[in-house]
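Thanks for coming. Please have the sequence and the 3D view open.

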Amino acid sequence: MTALAVFRRNSRRLGRSSGSPRGAEIRLESVSKHYAGAETAAVENLSLTIEAGELCVLVGPSGCGKTTTLRMINLLIAPDSGEIKIDGRSTRAASVTELRRGIGYVIQEGGLFPHMTVAGNIGTVPRLLGWSRGETRKRVSELLELVGLDRSLAERYPAELSGGQRQRVGLARALAGDPPLLLMDEPFNALDPVVRERLQDELLRLHRELAKTIVFVTHDVDEAIKLGDRIAILRQGGALAQFDSPDSILARPASDFVRQFVGENRALRRLALRRLDQIELAPSGKADAGLPTVPAAATVREAVSLMIETGTRALSVVGEDGEARGTIRFDDAAGLLK
Amino acid sequence: MILAATGSGPVIPHYGTGSRCVVENHAFCSSWVSAHWGDTLQPALVQHVELTGIAVGIGFAIAFSAALLAYRRRWLSGPIEGISALLYTIPSLALFQILVPFTGITTTTVEVALVAYTLVMLFPNFVTGLNSVPADALDVARAMGFTRRQTLLRVELPLALPAIVAGLRVAVVSTVSLATVAAFLLPKGLGYPIFLALKEPSPFRTEIYAAGALAVGLALAADLLLVAARRVLAPWAHRGVA
C-alpha cells in the first residue's frame, strides 16, 4: 500500500478528520486589525473566501498584512473586528486550543522544537490528542514516508538535519493530526533555490493527494504563481488588490499596483503555467516527421523556448513511452493566451 | 557563644596513644584518617551533604518560583536579582550574628544563610534559561494548541534545562565550600574538624587536610553528577551543530 493510502486509512480509523476530508472552507468577513502604536491598519476590512481544498497564496510587499491575516485564522492574532468562519463556524465559537489543534501550522525552517527528536516533533499533536504510544509511533513513520524522509531520521534532533529536511519534518508535524486546513507562513524562505523548488513540487503533490485547504504566505510572486490555485495580492494596509487564479492575474492585472508587483514577461509566465499534456495538440501529420521533439511533461513556455533555439515553428510532443502525442505549433502556443 | 572543644573528643589527637606519625606531628597522617573516619570524618561528611542538600534544595525552590514569576512579569527580574545580589554581599559570619536573635544557634540559622547565598547563582541562570527559549518554538507551540501549562512543561522547561543545571552546578560547588563556615556556629559539617584544629595550639594539621580534601571531593562528585544528569535529561544539547 502506498504511504498516502495508509495515511488516509489511519486518519479515518482514528476518526481524526474532524471537518470534511476534502479540506475546510475559510471565510473572512470584513476583518480588520490595527496594532497599537502603528499609524495605519495592518489589515483593513478584508473579505475573502477560500474554498475547501484550495491552495490559496497570500502575497504582497512587506507590511501588506499577509502574515497578520494568516495568523488571525488560528487566532494567534485576535482580529479587532469582523468574523472568520471555518466551514461556516466562527473561530470564536470553539475554545482556542481546540481550534488550533485542528489547524496545521508551518513556519520557516519548520519551527521545530530543538529538544525533541524528529519523531517527537511529528508526534506532538497526536500526543496532545491523547493517542497511544503505539498509534503515535505508527503515525510518525507514515508521515515520514509521506513527506519523503527516511525512517532512520526519526531519532535525530533538528540540529542534525539539513534545512530542507527540517522543513519536511515541519510539514509532517503539521499533517500529523490530519487537519482539514494548513497554514504556511513563508515556509521555504530560508532554503536554497534547488531545495526550495523541490519542496514546492512536493507541496503541490501533497496538496493534490490530500486535498487539504492550504493558506500559504509568501512575498515571492513567482512562488505564488507556481503554487496557488488562487492568489490574493494584498497591498499596504491589508487591502485586497486582486484575488484570482495565477493565469487571470497575469492576463488581466486589476491595477497598476498589481501589474508592477507581478512584474514583466507576463505572457511567457502564463505559458509556463500550462503543460503540453494539459492542452489540446494538433494531430501529428506526415509533414511533421523530423521535427525536434519535446516531452509532454514540459511546459508550453519550454516548448516555445525550444522552438526559438532550434529555429522551428513547431515541435513534436512525445510521451514518456516515446510515442508521439501530437504537434505543438508556435501560433497555437500564442493562441492559448487569448 | 562559640563552642569549646568537648573534652578529649575524638578530634583532638591523642598524643600518648596516637601512632608515631601523630605523635611526631607529621604533615599528614593517613593512620589518623583511618582511625577517625568512623567517629569524625564520616559523620562530618554526612552532615555536610545534608547542609548543602537542604540549602540548594530550598534555594532551588525559591529561585525557581521567582524565575517563573519573573518570566511572566519581566519587570520583576531586576528587583529580584538586586535583592539576591545584596544578600550575597553580606559576610557569612555577620549574617549568622544577625540571624541568631531570631532563629538561635540552630541549623535553621545556617540554612537560612546558605539559602540566601544560593539565590544569586540560581535565579539569574533560571531566568536566562527561560528567556533563551526560541520565539519560533513558542509560536509553534501556541499554534499547535498547547495550553500555557503544556507549553511550560513540554517546551519552556526542557529548553531551559541546560541553563538550570548550569546554575545548580555553581550553587552546589560554592555551597559545599560555604557550608564549612557553619562550624563557627554549630558542631556540624566538614568545617568542624577544621575549626577545632585551628583552635588547637598544636601543629597537627591532618584533620584540616582530610576535611578539606573531602569537601573538594564532595564538590567535584556533586558537579559530575549534575553534568551526568544534564546529559541524560537534555541529550539534544550535546548533539548536532546547535
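A definition first: an axis here is a line fitted to C-alpha atoms, for a helix over the stretch in contact, and an angle runs from 0 to 180 degrees between N-to-C directions. The model is a predicted one.

Helix H7 of chain B and helix H9 of chain B, residues 206–233, have axes that come within 9 Å and cross at roughly 170 degrees. Angles over 145 degrees count as roughly antiparallel, and H7(B) and H9(B) are therefore roughly antiparallel to each other. On the H7(B) side, the residues that meet H9(B) include B:Leu161, B:Val165, B:Leu168 and B:Val172. On the H9(B) side, the contact includes B:Leu218, B:Ala222, B:Leu226 and B:Leu233.

Helix H2(B), residues 30–72, packs with helix H5(B), residues 107–131, at an angle of about 40 degrees, and the axes are 7 Å apart. H2(B) and H5(B) are therefore oblique to each other. Their crossing is right-handed. In the contact of H2(B) with H5(B), 22 residues are nonpolar, two are polar and one is charged.

Now to chain A. How is chain A divided? There are two parts: domain 1 covers 3–263 and domain 2 covers 272–335. Taken over C-alpha atoms, the centres of these two domains of chain A are separated by 36 Å.

I will take the sheets of chain A in turn. One is an open sheet of four strands in the order S2-S1-S4-S5, with antiparallel pairing. Which strands stand at its edges? They are S2(A), residues 43–50, and S5(A), residues 89–90; each has a single partner strand, so one side of each is left without a neighbour in the sheet.

Going across that sheet, S1(A) and S2(A) run antiparallel and are joined by five bridges. One of the pairs is A:Leu28, whose bridge partner in S2(A) is A:Leu48. On to S4(A): S1(A) is joined to this strand by five bridges, again antiparallel. Here A:Ile26 stands opposite A:Ile86. Then S4(A), residues 81–86, pairs with S5(A) in the antiparallel sense over two bridges. A:Lys85 is placed opposite A:Ser90 of S5(A). A helix also packs on this sheet: H2(A), residues 66–73, touches S1(A), S2(A) and S4(A), and its direction makes about 120 degrees with that of S1(A).

Next, strands S3, S9 and S10 of chain A. S3(A), residues 55–59, and S9(A), residues 230–235, run parallel and are joined by four bridges. A:Val59 has A:Ile233 as its bridge partner in S9(A). A:Ile233 also has a bridge partner in S10(A), namely A:Gln242. S9(A) and S10(A), residues 239–244, run antiparallel, with five bridges joining them. These two strands form a hairpin with three residues between them, and A:Gly237 in the turn has a positive phi of about 85 degrees.

One more sheet of chain A. This open sheet has three strands in the order S11-S12-S13, and its pairing is mixed. S11(A), residues 293–295, and S13(A), residues 324–329, are at the edges with a single partner strand each, so one side of each lacks a neighbour in the sheet. On average, with direction ignored, neighbouring strands are turned by 35 degrees against each other. S12(A), residues 314–318, runs antiparallel to S13(A), and five bridges join the two. A:Val318 stands opposite A:Ala324 in S13(A). Helix H13(A), residues 300–310, packs on the sheet and touches S11(A), S12(A) and S13(A), with its direction at about 130 degrees to that of S12(A).

Last, where the chains meet. How many residues does each chain give to the contact? Chain B gives 19 residues and chain A gives 17. On the chain B side, the elements that give two or more residues are H6(B), residues 135–143, and H7(B), residues 148–178. H6(B) supplies the largest share, six residues. The chain B side divides into twelve nonpolar residues, three polar and four charged.

Notes
Residues numbered from 1 in each chain as written. Chains lettered and ligands numbered in written order. Predicted model: local features only at pLDDT ≥ 70, side-chain atom pairs only at ≥ 80, totals over all residues. Parallel < 35°, antiparallel > 145°, perpendicular 65-115°, else oblique. Left-handed = near helix turned anticlockwise from the far one by under 90°. Nonpolar A, V, L, I, M, F, W, Y, C, P; charged D, E, K, R; others polar. Pairing = 2+ DSSP bridges. Contact = placed C-beta atoms within 7 Å. Domains from an automatic or database assignment.
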